Amino acid sequence: MTLKQLEKKIAAVEKRLTVLENKTRRSNGRKAGALRKTRARRTLRSDISALTEREKQARALEALRARGMISEPTEREKQIAAEWMARPEAERKHILEQFYNLKLEKSLSDIVIENRR
């Protein structure tokens with residue numbers, strides 16, 4: 001086989017490969033550039049326009065819990081939240097302001113080492 005014949009054969013194989021790759025990309029009889037067919041999903045949606053914001057949030061939380069994406073807070077977490085909410089509003093704002101404006105001069109690893117002593 002000559003070099004010219006070999007180059008022609010390689011070009012033909014590359015062309016065939018391109019055609020096959022395009023066919024596999026267009027599965028389900030799709031044309032190039034056509035919309036992709038997806039499996040139809042049935043969703044149950046109710047009219048939520050009449051609900052208050054709190055009711056919408058309650059429904060969202062219920063759906064997330066049903067799917068296991070969030071869990072109920074532990075007793076310790078509930079206790080900490082109750083202590084936080086028992087503080088006066090001005091004190092909570094002051095604590096949050098301090099937290100957000102905190103300037104750390106030490107690295108996190110130094111702080112952890114100090115707290116372990």
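Arg 92 counts as buried, at 12% relative accessibility, where buried means under 20% relative accessible area, exposed means over 50%, and partly exposed lies in between (1.4 Å probe, protein chains only). Residues are numbered from 1 along each chain as its sequence is written, and side-chain values use heavy atoms, with hydrogens and water left out.

**Overall composition and confidence**

The secondary structure of the protein chain consists of five helices and zero strands; helices (H or I, at least four residues) and strands (E, at least two) are DSSP runs, numbered from the N terminus. Read from the N terminus on, the elements follow the order α-α-α-α-α. The protein chain has 117 residues, of which 1% count as buried. Its accessible surface comes to about 12000 Å², and 55% of that surface belongs to carbon and sulfur atoms. Such areas come from the Shrake-Rupley method with a 1.4 Å probe, and for residues only the protein chains shown count as cover.

The mean pLDDT of the protein chain is 83, and 80% of the residues score at least 70; pLDDT is the predictor's confidence in each residue, from 0 to 100. Confidence is lowest in H1, with a mean of 86, and highest in helix H3 (residues 75-86), with 95. Where pLDDT is low, the predicted coordinates should not be read in detail.

Arg 92 belongs to helix H4 (residues 89-100). Not counting residues up to four places away in sequence, Arg 92 touches Trp 84, Met 85 and Arg 87, a contact being heavy atoms within 4.5 Å.

The structure holds five salt bridges, each defined as a side-chain nitrogen of Lys or Arg within 4 Å of a carboxyl oxygen of Asp or Glu. Side chains of opposite charge can pair when their charged atoms come close. The table lists salt bridges from this structure.

| Glu 89 | Arg 92 | 2.4 Å |

Glu 89 and Arg 92 are both in helix H4, three residues apart, which is about one turn of the helix. An α-helix has 3.6 residues a turn, so residues three or four places apart point the same way. Within this pair, Glu 75 is exposed, with a relative accessible area of 61%, while Lys 78 is partly exposed at 39%. In the remaining pair of the table, Glu 91 is partly exposed at 34% relative accessibility, and Arg 87 is partly exposed with a relative accessible area of 34%.

**Helix H2 and the residues after it**

Helix H2 (residues 53-66) has 14 residues and should span 20 Å at 1.5 Å a residue, which agrees with the 20 Å between its end C-alpha atoms. The expected span is 1.5 Å times one less than the number of residues in the helix. Leu 64 is located in helix H2 and is partly exposed, with a relative accessible area of 32%. Leaving aside neighbours within four places in sequence, Leu 64 is in contact with Met 69 and Ile 70. Just after H2, Gly 68 adopts a positive phi of about 75°.

Met 1, Leu 3, Leu 6 and Ile 10 make a nonpolar surface patch of about 450 Å². Patches are made of residues with over 30% relative accessible area and no salt bridge; like charges are joined within 9 Å, and nonpolar side chains (Val, Leu, Ile, Met, Phe, Trp, Tyr) within 5 Å. Leu 3 is exposed, with a relative accessible area of 62%.
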